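Open the model in your viewer and keep the selection tool at hand. The tour moves from stop to stop, with something to select at each.

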Amino acid sequence: MSNAPGRCGEWREPLRWLLLSLVPWFGLVFTWFLGAFSGGLDVQETCELLEGQTYDSAYRDDNWQEPSRLFPLHNKCNASYDLVPSWINPTIVGLAVATAGCLITAVVMAAAHFKSQRQLRPGPEHP
């Protein structure tokens, strides 16, 4: 890649970082959907038949807001068993940080490109 200022090649790096940010973002969305729908359609059946856990309706009534939150994801059968795997929430955080890092890098590189372009333009001459 050329170091000559004002070349179209300078846009490749911010664009690469922008496109690279899509990788962890798609991973984040996929992981969130895995966690959000980990309980299935009928949570009681999933708890009792598939997981072998007791379904505590009193606990779920007291904590009705937990399964509907966007983050952190929880869908508990009872006070001690969560249908959302333990790796889901940390993975979501890691992928969100990676996405933000890629986007911030793209913005910083684009800002540096604009700054270098502004410095190269001849300004109006003052008498």
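Select Trp32 first. Apart from neighbours within four places in sequence, Trp32 is in contact with Leu70, Leu73 and Ile92. This is a predicted model. Trp32 sits in helix α2. Is Trp32 buried or partly exposed? Its relative accessible area is 24%, so Trp32 counts as partly exposed; buried would mean under 20%.

Trp32 and Leu73 lie 41 residues apart in sequence, yet their C-alpha atoms are 8.1 Å apart in space. Show the contacts of Leu73, again leaving out neighbours within four places in sequence. They are Trp32, Gly35, Ala36, Asp82, Val84, Ile88, Asn89 and Ile92.

Next, the core. Which residues make up the largest nonpolar core? Select Leu28, Leu73, Val84, Ile88, Ile92 and Leu95, six residues in all. Helix α5, residues 88-120, gives the largest share of this core, with three residues.

Go to the helix pair. Select α1 (residues 12-20) and α2 (residues 22-36). Their axes are 5 Å apart, and the packing angle is about 10°. That angle makes α1 roughly parallel to α2, as angles under 35 degrees count as roughly parallel. Zoom in on the contact. From α1 come Leu18, Leu19 and Leu20; from α2 come Leu22, Val23 and Pro24. Colour the contact residues by type: six are nonpolar, none is polar and none is charged.

Move on to the sulfur atoms. How many disulfides does a search of the whole structure find? One. Select Cys47 and Cys77: these two form the disulfide, with their sulfur atoms 1.9 Å apart. Look along the S-S bond. The angle about it is -90°, and the link is left-handed. The pair joins distant parts of the chain, with Cys47 in helix α3 and Cys77 in strand β1 (residues 76-78), 30 residues apart. Cys47 has 0% relative accessibility, so Cys47 counts as buried. Cys77 is also at 0% and is buried. Then pick Cys102, which is buried with a relative accessible area of 9%.

Last stop: Thr46. Thr46 is part of helix α3, residues 43-50. Its relative accessibility is 11%, so Thr46 counts as buried. Which residues does Thr46 touch, not counting those up to four places away in sequence? Select Gly39, Gly40, Glu51 and Leu83 to see them.

How values were computed:
Residues numbered from 1 in each chain as written. Predicted model: local features only at pLDDT ≥ 70, side-chain atom pairs only at ≥ 80, totals over all residues. Heavy atoms only, no water. Axes fitted to C-alpha atoms, helices over the stretch in contact; angles between N-to-C directions. Helix = DSSP H or I, 4+ residues; strand = E, 2+ residues; numbered from the N terminus. Parallel < 35°, antiparallel > 145°, perpendicular 65-115°, else oblique. Contact = heavy atoms within 4.5 Å. Nonpolar A, V, L, I, M, F, W, Y, C, P; charged D, E, K, R; others polar. Buried < 20%, exposed > 50% of the residue type's maximum accessible area, 1.4 Å probe, protein only. Core = buried A, V, L, I, M, F, W, Y, C linked by side-chain atoms within 4.5 Å. Disulfide = S-S within 2.5 Å.
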